[in-house]
Amino acid sequence: MRIGIDARMYGPQARGLGRYVQKLVDNLTLVDQTNEYYIYLSPQNWDSFQTDRPNFFKVLVTSHWYSLGEQLKFPFVLWRSKLDLMHFPHFNVPLLYRKKFIVTIHDLIVSHYPDSRATTLPKWLYKLKLMAYHLVVKNAIIYSSKIIAVSNFTKQDIERFFPQVADKIEVTHEGFDVEHQYSQSCDLSKYRIDKPYILCVGAAYPHKNLYRLLQAWKLLQKDIDDKYKLVMVGQHDFFYNRLITEATEQKLLNNVVFTDYVKDEELPSLYKYS
């Protein structure tokens with residue numbers, strides 16, 4: 001079979017989704033030497049994926065995810081590959097693509113909790129983008145040959161919105177990566193960690209509710225008497241910078257540490273001593 005995988009999010013720069021795609025593709029190179037795989041990569045991660053497997057082929061895609069180019073240009077790239085099956089590891093399936101595909105749905109949080117704080121766009125434009133999101137998600141779910149749900153809850157959530165697709169949903173739980181569990185310890189003092197701490201790792205998208213975490217941390221200060229720190233690990237993007245501003249205004253920076261991006265090999269130490 002000729003199988004395609006949308007790997008434009010391949011790598012840690014796309015956070016959890018990027019890790020999901022990376023581990024999926026990397027491990028397929030180890031277990032499948034029969035089928036042909038076409039790995040669609042962006043200019044940003046083109047060099048990140050390397051393999052000597054003769055049945056894996058890299059294809060460059062200049063259209064960014066969630067873009068108009070993804071909807072209008074990407075399908076033509078896929079059609080030229082003459083695929084038997086395409087895997088989209090996220091909901092953003094081009095509306096024009098009508099060949100056989102499977103899609104991974106991680107959650108439907110935006111369907112439940114649309115939040116204009118999750119964008120830098122004007123509210124009117126965000127509403128337009130939200131309409132496009134609903135259309136793309138519905139298209140992906142309805143026209144897919146199979147749906148991979150990463151949990152039973154996600155499966156139930158999809159069935160709640162789209163009961164007609166229940167028989168084509170398969171639950172495939174995400175794995176646990178142990179490759180860095182024996183990494184060398186890192187010096188925690190470089191992150192200004194000098195006392196026991198509570199750890200939070202991940203992006204600062206509004207649906208993560210980290211604003212509420214900061215509010216709860218402020219309320220706890222009188223009870224814990226300055227004995228602990230809250231360590232928040234995540235790349236400083238627009239949403240994290242906004243969170244840092246909130247912590248600054250709440251005068252929490254003495255007991256809240258924002259580390260910025262932390263390398264994989266250093267994460268075990270942060271988890272170990274939290």
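This is a predicted model: local features need pLDDT of at least 70, side-chain atom pairs count only at pLDDT 80 or more; totals for chains, interfaces and linings use all residues.
**Nonpolar cores**

The largest nonpolar core holds 30 residues, and within it Tyr40, Met86, Phe88 and Ile158 touch the most other members. At least two residues of this core come from each of strand S2 (36–41), helix H3 (74–81), strand S4 (85–88), strand S5 (101–105), helix H5 (123–143) and strand S6 (146–149). H5 gives the largest share, seven residues.

Leaving aside residues up to four places away in sequence, Ile158 touches Ile105, Leu108, Ile141, Ile147, Ala149, Pro163, Val165 and Ile169. Another core, of 20 residues, lies apart from the largest one; Met9, Val21, Tyr37 and Ile102 are among its members. In soluble globular proteins, nonpolar side chains tend to be buried together.

**Cavity**

One cavity of 30 Å³ or more is counted. The volume of the largest cavity is about 50 Å³. Its lining consists of Asp6, Arg8, Met9, Val21, Trp65, Pro89, His90 and Asn92. Sorted by class, four of the lining residues are nonpolar, two are polar and two are charged.

**Strand S9**

Strand S9 spans residues 229–233, and five of its five residues are buried, so the strand is largely enclosed by the rest of the structure. Lys229, Val231 and Val233 point one way from S9, while Leu230 and Met232 point the other way; all of them are buried. The burial therefore applies to both sides of S9, since a residue counts as buried under 20% relative accessible area.

S9 runs parallel to strand S8 (residues 197–201), and five bridges join the two. In one of the pairings, Cys200 has Met232 of S9 as its bridge partner.

**Loop residues with positive phi**

Which loop holds asparagine 209? Asparagine 209 sits between S8 and helix H7 (210–224). Lysine 251 is placed in the loop between helix H8 (238–249) and strand S10 (256–260). Asparagine 209 has a positive phi without being a glycine, and lysine 251, also not a glycine, has a positive phi too. The table gives the values.

| Residue | Phi | Relative accessibility |
|---|---|---|
| Asparagine 209 | near 65° | 42%, partly exposed |
| Lysine 251 | about 55° | 74%, exposed |

The class of lysine 251 follows from its value: exposed means over 50%, so 74% relative accessibility counts as exposed. Asparagine 209, at 42%, counts as partly exposed.

Terms used: Residues are numbered from 1 along each chain as its sequence is written. Side-chain values use heavy atoms; hydrogens and water are left out. A nonpolar core is a set of buried Ala, Val, Leu, Ile, Met, Phe, Trp, Tyr and Cys residues joined through side-chain atoms within 4.5 Å. Buried means under 20% relative accessible area, exposed over 50%, partly exposed in between (1.4 Å probe, protein chains only). Helices (H or I, at least four residues) and strands (E, at least two) are DSSP runs, numbered from the N terminus. Contact means heavy atoms within 4.5 Å. On a 1 Å grid over the protein atoms alone, a cavity is a set of points where a 1.4 Å probe fits but cannot get out, and a pocket is an open set with protein on both sides within 12 Å along at least five of seven lines; lining residues have an atom within 4 Å of a point. Grid points are joined across faces, edges and corners, and a volume is the space filled by probe spheres set on the points. Ala, Val, Leu, Ile, Met, Phe, Trp, Tyr, Cys and Pro count as nonpolar, Asp, Glu, Lys and Arg as charged, and the others, Gly among them, as polar. Two strands pair if DSSP finds at least two bridges between them.
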